[in-house]
Amino acid sequence: MRLRSHLRGLTELAETLIEVEGATYRITHPAAADALIDEEEFARDEQLPYWADLWPSAVALARSLSRPSARHVPEERLAGRRVVELGCGVGLPSAVALARGARVTATDHYAAALDFARYNALANLGYGPCTRLLDWHAPRTEGIGCFDLVLAADVLYEERNVPALAALIPTLLAPGGEVLIADPRRKNAPSFLETMQAGGFRPSTEEHSVPSDGRTITVLLHRLRTC
Ligand SMILES: C[S@@+](CC[C@H](N)C(=O)[O-])C[C@H]1O[C@@H](n2cnc3c(N)ncnc32)[C@H](O)[C@@H]1O
């Protein structure tokens with residue numbers, strides 16, 4: 001796989017081991033995401049290589065997919081379900097959903113993220129997700145299909161993402177589908193939840209604690225179902 005070509009000689013590959021409910025996932029990512037900042041890309045459309053870090057929200061989301069819910073043991077929750085991850089970055093939640101038997105499409109607006117997400121699933125499981133470039137601000141969803149579950153970790157960090165994601169997500173959901181968004185208390189999250197509620201979704205929120213760089217981060221897991 002062409003992971004190194006995405007690093008342009010600016011940084012190295014690194015690995016982080018993540019425990020997810022008794023399984024260890026070995027996640028490969030760029031060693032220094034900041035080294036990949038491209039001034040021209042940023043000047044053009046404010047793209048920054050946030051994909052290149054594994055964020056605490058992805059860990060919280062991945063772990064939540066492996067826990068029993070009030071209604072289901074984890075195997076029943078995901079087996080055979082159609083799942084799409086938005087802003088997948090290096091793809092830990094997609095890999096965990098795949099391991100739980102879901103049919104997964106991992107999406108991002110960086111091709112590099114898709115290659116890392118696919119590599120990480122293949123390296124940990126021996127099989128990978130479908131991948132697809134998808135920009136929330138100019139979504140081209142022809143042929144992508146519809147999904148029982150939309151996943152996203154730490155995607156509400158810019159105000160302009162709120163209307164874009166609130167418009168896109170309902171178009172991806174099958175009837176009765178649900179949405180799981182992991183959010184490290186971004187200030188735009190309440191307005192996203194209000195917009196979704198106005199569009200007929202019922203939100204419920206759980207707190208998860210994730211150790212990160214010697215601290216504990218609180219990640220909110222917002223579950224949205226249609227009323
Ligand atoms: C903070 S990172 C989180 C990455 C990953 N979900 C995680 O938690 O480790 C935000 C992710 O959203 C992606 N993203 C940002 N803006 C996007 C857009 N307009 N369309 C699609 N993906 C986008 C970034 O490339 C990045 O992978």
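1. Ala99 is found in helix 4; helices are DSSP runs (H or I, at least four residues) numbered from the N terminus. The model is predicted: local features need pLDDT of at least 70, side-chain atom pairs count only at pLDDT 80 or more, and totals for chains, interfaces and linings use all residues. Residues are numbered from 1 along each chain as its sequence is written.

2. Ala99 is buried, since 21 other C-beta atoms lie within 10 Å. A residue counts as buried if 20 or more other C-beta atoms, placed from the backbone, lie within 10 Å of its own. Leu78, 21 residues away in sequence, is 9.2 Å from Ala99, C-alpha to C-alpha.

3. Of the 8 residues of helix 4 (residues 92–99), 8 are buried, so the helix is largely enclosed by the rest of the structure. Gly101, with a positive phi near 95 degrees, follows helix 4.

4. Helix 4 packs against helix 5 (residues 111–125) at an angle of about 40 degrees, and their axes are 9 Å apart. Axes are lines fitted to C-alpha atoms over the stretch in contact, with angles from 0 to 180 degrees between N-to-C directions.

5. Ser94, Ala95, Leu98 and Ala99 of helix 4 meet Ala117, Asn120, Ala121, Asn124 and Leu125 of helix 5, contact requiring C-beta atoms, placed from the backbone, within 7 Å.

Terms used: A residue is buried if 20 or more other C-beta atoms lie within 10 Å of its own, exposed if 12 or fewer, and partly exposed in between; C-beta atoms are placed from the backbone. Helices (H or I, at least four residues) and strands (E, at least two) are DSSP runs, numbered from the N terminus. Two residues are in contact if their C-beta atoms, placed from the backbone, lie within 7 Å.
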